[in-house]
Amino acid sequence: MPALITSLYAGLLALLSVFLSGYVGQLRGKTNIPLGDGGNRDIILANRRHMNFVENVPLALLLIALVELNGAAPWWIHALGGTLLLARLIHPFGLKIETGATPARIIGAGGTTLVTLAAAITLLWQFAAYR
């Protein structure tokens, strides 16, 4: 059984990842800093925006895919995937060097955490229901 709905969100999130990574590369070329951050605040920030994505999105997508493969309703997969996509689109705008908690950071991190927890709980429920 294919995980077509998860595939939609994985594809869209992959495009966002490429954009975030590309921006880091663009800054590296512009500043002539090929490795590390050289103490450049713009590169530090761009790196964190991309690294945070890489730290959080793969697990969330894996959980969503498993929920879908286990037969969850399509609306639930769209809710999880759509929330994750929205959270990850908002999150980079909330990362600032000057301050920790911005509304966009809270929404992005909170939405990602919510999706991860909801998918994990759904998987545990599915396990218990089919056992």
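Let's start with a loop: Asn32 sits in the stretch between helix 1 and helix 2 (41-69). Keep in mind as you explore that this is a predicted model.

- Most residues other than glycine have a negative phi.
- Asn32 is not a glycine, yet its phi is positive, at about 60 degrees.
- Is Asn32 buried or exposed? With a relative accessible area of 67%, Asn32 is exposed, because exposed means over 50%.

**Helix 1 and helix 3**
- Two packed helices are described by the angle between their axes and the distance between the axes.
- For helix 1 (residues 4-31) and helix 3 (residues 74-94), the axes come within 9 Å and cross at roughly 10 degrees.
- Angles under 35 degrees count as roughly parallel, so helix 1 and helix 3 are roughly parallel to each other.
- On the helix 1 side, the residues making the contact include Ile5, Leu8, Leu12 and Leu16.
- On the helix 3 side, they include Ile77, Gly81, Leu85 and Arg88.
- Sorted by class, the contact of helix 1 with helix 3 has 13 nonpolar, 4 polar and 1 charged residues.

**Thr102, between helix 3 and helix 4**
- Where is Thr102 found? Look in the loop between helix 3 and helix 4 (103-130).
- Thr102 has 11% relative accessibility and counts as buried, because buried means under 20%.
- Setting aside neighbours within four places in sequence, Thr102 is in contact with Gly94 and Lys96.

Terms used:
Residues are numbered from 1 along each chain as its sequence is written. This is a predicted model: local features need pLDDT of at least 70, side-chain atom pairs count only at pLDDT 80 or more; totals for chains, interfaces and linings use all residues. Side-chain values use heavy atoms; hydrogens and water are left out. Axes are lines fitted to C-alpha atoms, for helices over the stretch in contact, and angles run from 0 to 180 degrees between N-to-C directions. Helices (H or I, at least four residues) and strands (E, at least two) are DSSP runs, numbered from the N terminus. Angles under 35 degrees count as roughly parallel, over 145 as roughly antiparallel, 65 to 115 as roughly perpendicular and the rest as oblique. Contact means heavy atoms within 4.5 Å. Ala, Val, Leu, Ile, Met, Phe, Trp, Tyr, Cys and Pro count as nonpolar, Asp, Glu, Lys and Arg as charged, and the others, Gly among them, as polar. Buried means under 20% relative accessible area, exposed over 50%, partly exposed in between (1.4 Å probe, protein chains only).
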